[in-house]
Amino acid sequence: MYDVIVVGAGHAGCEAAHVAAKLGSKVLLVTMNMETIAKMSCNPAMGGVAKGQIIREIDALGGLSAIVSDYSMMQFRMLNTSKGPAMWSPRSQNDRTMFSLKWRELLEANPNIDFIQDSVNEIITDNSCAVGVETSSGMKIKGKSVVLTSGTFMNGIIHIGNQQTSGGRMGDRASYGITEQLLSLGLESGRMKTGTPPRVDGRSINYAILEEQPGDVDPKCFSFRKPIKIQKQHSCHITYTNEKVHDILRSGFKDSPLFNGSIQGIGPRYCPSVEDKVNRFAERTRHQIFVEPEGWNTCETYINGFSTSLPQNIQYEALRSIKGFENAKIFRPGYAIEYDFFYPTQLALNLETKAISNLFFAGQINGTTGYEEAACQGLMAGINAHQKINNKDPFVLSRSEAYIGVLIDDLVNKGTNEPYRMFTSRAEYRILLRQDNADQRLMEKGFQLGTVSVEEIDKLHIKENNIARLSKLIKTNTITPKEANPVLIKHDTAEIPQNYLIDKILSRPQITHKHLLEIKTIKQLFEPYSDDEMEQVEILLKYDSYIKSEKENVEKLLRLEHYKLESDFNYTSIKSLSLEAIDKLNQIKPTSVGQASRISGVSPADISVLLVHFGR
């Protein structure tokens, strides 16, 4: 008898197994292949726009994705630094093999986790409650809860041109049985599609004529709790398709499963295949291609931006017409994969299915795409599986607390018909949900749960005290014109005629804390503080009015969260509601008026009706 059975050992499954075991649950992790635990099936990178914020949030809550990413990092870049801090997003290039091996090492180090290599083809239920799993070998395993993280494996079909093969990814077989069983239990499923580009022999690429993309000069890391700073970096490179490439790709459209009807699933809108880009943006004469290394000790190279399911000969000919790829050799062709997912509106906010208690879904089964989106769902499902079987309150993050909260709230309340990817634009409170303050937002919650240690929370408190001290210092210490003006002139901002408080200088858009370090007296004043602490103080100073405004908006909207709704209430009895609102409210069963207000199809007028009906 296990406390938590986790099905699937991708990014969602690994985070779920780790955090449930960390909380004290006895966990069984079931995977079809022990050699592919936490495999990076697509690009060998973590983070990116909004995704980097999610990785830091996972770390603040005690997860492992940030630590593993730092350990296996080949390059670090902070994206969008030309924009405001709400948009800054950390991204790493990773050694694919090191990433997977480190995850397995850390999971095996936890004595609460058992492993078994097998395929699950049925969730055992009793009275609409998950009580275990049955494997393809006929083994029945009892569990108090089940976390299903099936990725792209359920009824997976791989497409390359007119060829179709069964598989969860290239080289791994698909999983069968679970979809059909869950459908018989009342859940609704759909089909989605994703894809991957060809892998190329790096020895056959002419890097000398490509545009080099080095990492940051002063690289950071993801983890707050156990930071590992990268010592050396591997450059990526950039090239472009051209009109000849596009013509070659078009010649294969008749055999493209994307265009001939072979693929029924909906693909990711924000990460289209190269043939889809050529077709949809016919006016474009070129598309950007990122040439990314797969590891320190391999020449295998990931061709980011060239995802395709065209026939292999078309892939080969088109690739060889790209600048720098004239002699390219393909290790593995690109392909598309179709798989089953379940509409996430069938979940509660703790990621438990409404139809079957103690059964949790996480990752691509919920219609998301991306390692980061999967990992954070796995973390939350693992926590909540543990909470549920121990009769503890669900752990739910609000939209104003974390990108993780935005993601789950979107899935449960709005649903998705296409692969869901996180963007900063999805978060209405993104100035509060920055990558730099994820620890201050969430680590205390992790500590209260038991996923963050005393030493880790003490480290956070030291950081917070330092930020408070430094904020006070810059508001009480002045700088003379003689000290300041040479630096101000250098950075194209007005000179000061008299002594100025440091915070007045730092509040200028042209000046950063690093510029102030060019002034000897300020450098001495700032010496006890880290770069991260100085950066925090600068952000809090420059964006003070925006931060206050967002906090006020959060407080107003949180009032609706306090108006609780019964989970079994029949909204058909409220005649003043619109028919669409009645349908959506009965389907999703919101737990508060605030949640009801975020459901697609529920209008402000419907919310007013609810408030009046329930005497608010």
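**Strands, rings and helices**

Modeller: Let us start with a turn: E10 and E11 form a hairpin with 2 residues between them, and Gly 161 in that turn has a positive phi of about 60°. This is a predicted model, in which local features need pLDDT of at least 70 and side-chain atom pairs count only at pLDDT 80 or more, while totals for chains, interfaces and linings use all residues. Residues are numbered from 1 along each chain as its sequence is written, and side-chain values use heavy atoms, with hydrogens and water left out.

Biologist: Which residue in E11 is the bridge partner of Ile 158?

Modeller: Helices (H or I, at least four residues) and strands (E, at least two) are DSSP runs, numbered from the N terminus, and two strands pair if DSSP finds at least two bridges between them. E10 and strand E11 (residues 163-166) pair in the antiparallel sense over 4 bridges. Within E11, the bridge partner of Ile 158 is Thr 165.

Biologist: On E19, which residue stands opposite Ile 157?

Modeller: Strand E10 (residues 157-160) runs antiparallel to strand E19 (residues 335-342), and 3 bridges join them. In E19, the residue opposite Ile 157 is Glu 338.

Biologist: Which strands stand at the edges of the sheet, each with a single partner strand?

Modeller: The sheet is open and has 4 strands, paired antiparallel in the order E11-E10-E19-E12. One side of each edge strand is left without a neighbour in the sheet, because each has a single partner strand, and these edge strands are E11 and E12 (189-196).

Biologist: What kind of aromatic pair do Phe 342 and Phe 361 form?

Modeller: Rings of Phe, Tyr and Trp (its six-membered ring) pair if their centres lie within 6.5 Å, and planes under 30 degrees apart count as stacked, over 60 as edge-to-face and the rest as tilted. The structure holds 7 aromatic pairs. The ring centres of Phe 342 and Phe 361 are 5.7 Å apart and their planes stand at 50°, so this pair is tilted.

Biologist: How many residues apart in sequence are the parts that this pair ties together?

Modeller: Both Phe 342 and Phe 361 are buried (under 20% relative accessible area, where exposed is over 50% and partly exposed lies in between, with a 1.4 Å probe and protein chains only). Phe 342 lies in strand E19 and Phe 361 in strand E20 (residues 359-361), so the parts tied together are apart in sequence by 19 residues.

Biologist: Tyr 546 belongs to another aromatic pair; is Tyr 546 buried or exposed?

Modeller: Tyr 543 and Tyr 546 form a tilted pair, 6.1 Å centre to centre with 45° between the planes. Tyr 543 has a relative accessible area of 24% and is partly exposed. Tyr 546 has a relative accessible area of 51%, and is therefore exposed.

Biologist: How are H12 and H17 placed relative to each other?

Modeller: Axes are lines fitted to C-alpha atoms, for helices over the stretch in contact, and angles run from 0 to 180 degrees between N-to-C directions. Helix H12 (residues 454-476) and helix H17 (residues 531-542) pack at an angle of about 55°, with their axes 9 Å apart. Angles under 35 degrees count as roughly parallel, over 145 as roughly antiparallel, 65 to 115 as roughly perpendicular and the rest as oblique. H12 and H17 are therefore oblique.
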